[in-house]
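Open the model in a viewer with both chains displayed. The stops below give what to select next and what is found there.

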Amino acid sequence: MTRWSRFNIASIVVGFGFLYLPIVLLVIFSFNESKLVTVWAGFSTKWYVSLFQNQALIDAAWVTIRVALLSATLATVLGTLAALALTRYRRFHGRVLFSGMVYAPLVMPEVITGLSLLLLFVAIGLDRGFWTITLAHITFTMCFVAVVVQSRLVTFDRSIEEAAQDLGATPVATFFQVTLPVIAPAVFSGWVLAFTLSLDDLVIASFTTGPGATTLPMRIYSQVRLGVTPEINAACTILIGVVAFGVLVASIVTRTRENQRERDERAAAAV
Amino acid sequence: MSKALSALSSRLVIIIPFVWLLIFFLAPFFIVFRISLSTTAIAMPPYTPVFDLADGISGILEGIREFSFDNYVWLTQDALYFNAYISSLTIAAISTFLTLLIAYPVAYGMAQAPRSIRPTLLMLVILPFWTSFLIRVYAWIAILKPEGLLNQLLLFLGVIDSPLVILNTNTAIYIGIVYSYLPFMVLPIYSALEKMDGSLVEAAQDLGCTPTTAFWKVTFPLSLPGVVAGCMLVFIPAVGEFVIPDLLGGSETLMIGKTLWNEFNANRDWPVSSAVAIILLMILVVPIMFFQNAQTKSEGR
């Protein structure tokens, strides 16, 4: 039943226009000659030049990238374990509590997560800064990784794992040689999601940071409060470019892996 | 030996993420609750501890006697907080409804699209979600400003004579929330509609339903799980939203996320902001459990 009516097309065009127009305008005005963001005065890349002379912004970008790389990697490990626990073990003590703790952070308002983590760090006497932001980011992004990996695991054919174990592989070896290669695309997109969520976070980072660790969103936010400038547009455009590039690479990798897997399966079936 | 090892490894799969979440997700709530019962002090950290684990049982009992509900009493006495809760819930509810109105036709159109272009459409909905939330909200400032792009366009077209004031009003907050959370609403509705058996609608129409009645009697009820999941994904975070009311809303806009932020960062009143957070959590506990139920059900898919 594909009735691709004019109404359907119109609603998609309007919806997608709404989603993309603000981003497109932001990118266009980052190349504006004028200091005013809303009046076009000719093409210029001067804001990008001034951006690369803004040491505070560059320092913040480095902090952000280091936090994001570290937290995304650890969150992927923890999130994958959580997804395995949820799909493979139907019954264990505290399963309801566990699944609750995995799903609640997905919708928890950031101000609550940020405040509660800060109070935890103060209570246990941890010095606030780079490491506390990283710990906070691991905690809230691992749940997103868990959901992404879990959705792949529920459609996973367990019989190939059983075959491996029948042939004498230990559960750990089975996981690394059979399960992980199959779920790798989901694990990878989980990592990319955790990375961009960490890159993006303002509220939780602001609560859990300390002296010396200012992230890029915090820097952008404090500049935005002073007014809209083309320099921030330029910074945003670079961020969008980096993320778009990452997503593109991720989707190409995923598609190649999936195609390869399908080809392998067909080849195996033919034998 | 290897059996013991494999039993241990399967235990660890559960124990490692479980313990992590207990320490970094659940335990902090108890700390927030404890601090919400303490009194403000000019010190670092700026509150008097209610009890110290080092004091042992007697110390804890002593501490419980010193519990102070002053912060909660304070919250009920100051109309500011009550109004902030009410206006957050109202703004979140209205925005969720508006998001649904825009997202449903988009999701429906996507589900009706030729099978070959569906992955591309799906990708296009997900893509904005990957770009920074802060940047997407920021982009609207230049559009909604009195001398911004929207007013320039409307003045040019002759629709209006003088610029509309949209930025720093609740309208701007609605636009911001609808815009930022739209993908969260489209995706679950789309996945519910895509799974639907198209022959059901045909059967209804064969039995004499008009396309409109068939939609309301068959398609919409079947898409309800997606609608509910989408509404929860928008409503719950929107209630505690901070960035959108702060950047797009005006100074008179009251939202609880912003109140909490100010209480914490500007007034440095940790006990009161903890109490604000605990009450917000109690308000949201019902919708959150509702959401978790829906998630757990979809797990068995």
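A residue counts as buried if 20 or more other C-beta atoms lie within 10 Å of its own, as exposed if 12 or fewer do, and as partly exposed in between, with C-beta atoms placed from the backbone. Helices (H or I, at least four residues) and strands (E, at least two) are DSSP runs, numbered from the N terminus. The model is predicted: local features need pLDDT of at least 70 and side-chain atom pairs count only at pLDDT 80 or more, while totals for chains, interfaces and linings use all residues. Residues are numbered from 1 along each chain as its sequence is written, and chains are lettered from A and ligands numbered from 1 in the order in which they are written.

**Chain A**

Select chain A. Its secondary structure comes to 11 helices and 0 strands. Along the principal axes, the C-alpha atoms of chain A fill a box of roughly 70 × 60 × 35 Å. Of its 271 residues, 43% are buried. Two residues are in contact if their C-beta atoms, placed from the backbone, lie within 7 Å. Among contacts in chain A with a separation of 6 or more, 80% are between residues 24 or more positions apart.

Two packed helices are described by the angle between their axes and the distance between the axes. Axes here are lines fitted to C-alpha atoms, for helices over the stretch in contact, and angles run from 0 to 180 degrees between N-to-C directions.

Select α3(A) and α6(A). They pack at an angle of about 40 degrees, with their axes 5 Å apart. This angle makes α3(A) oblique to α6(A); angles under 35 degrees count as roughly parallel, over 145 as roughly antiparallel, 65 to 115 as roughly perpendicular and the rest as oblique. The contact of α3(A) with α6(A) has 20 nonpolar, 9 polar and no charged residues. In these classes Ala, Val, Leu, Ile, Met, Phe, Trp, Tyr, Cys and Pro are nonpolar, Asp, Glu, Lys and Arg are charged, and the others, Gly among them, are polar.

On α3(A), the contact is made by Ala56(A), Leu57(A), Ala60(A), Ala61(A) and Thr64(A); on α10(A), by Leu216(A), Met218(A) and Arg219(A). By class, these residues divide into 6 nonpolar, 1 polar and 1 charged.

**The interface**

Show both chains again. Here 68 residues of chain A are in contact with 81 residues of chain B. On the side of chain A that touches chain B, the largest share, 13 residues, comes from α1(A). That side of chain A has 52 nonpolar, 13 polar and 3 charged residues.

Next, select α5(B), residues 118-130. At 1.5 Å a residue, its 13 residues should span 18 Å, and the end C-alpha atoms are 19 Å apart, which agrees; the expected span is 1.5 Å times one less than the number of residues. Leu121(B), Val125(B), Pro128(B), Phe129(B) and Trp130(B) are its buried residues. What do they pack against? The partners are α1, α8 and α11 of chain A, together with α4, α6 and α8 of chain B.

**Chain B**

Chain B has 13 helices and 2 strands, and 43% of its 301 residues count as buried.

Select α12(B), residues 256-265. This helix is mostly covered, with 8 of its 10 residues buried. Among them are Ile256(B), Lys258(B), Trp261(B), Glu263(B) and Phe264(B).

Move on to Ser274(B), in helix α13 of chain B. Ser274(B) is buried, with 26 other C-beta atoms within 10 Å. Not counting residues up to four places away in sequence, Ser274(B) touches Val32(B), Ile35(B) and Ser36(B). The C-alpha atoms of Ser274(B) and Ile31(B) are separated by 9.1 Å, although these residues are 243 apart along the chain.

For contrast, select Thr219(B), in helix α10 of chain B. Is Thr219(B) buried or partly exposed? Thr219(B) is partly exposed, with 19 other C-beta atoms within 10 Å. Thr219(B) and Ile278(B) are 59 residues apart in sequence and 39 Å apart in space, C-alpha to C-alpha.

Finish at Asn168(B), in the loop between α7 and α8 of chain B. Asn168(B) has a positive phi of about 65 degrees although it is not a glycine. With 19 C-beta neighbours inside 10 Å, Asn168(B) counts as partly exposed.
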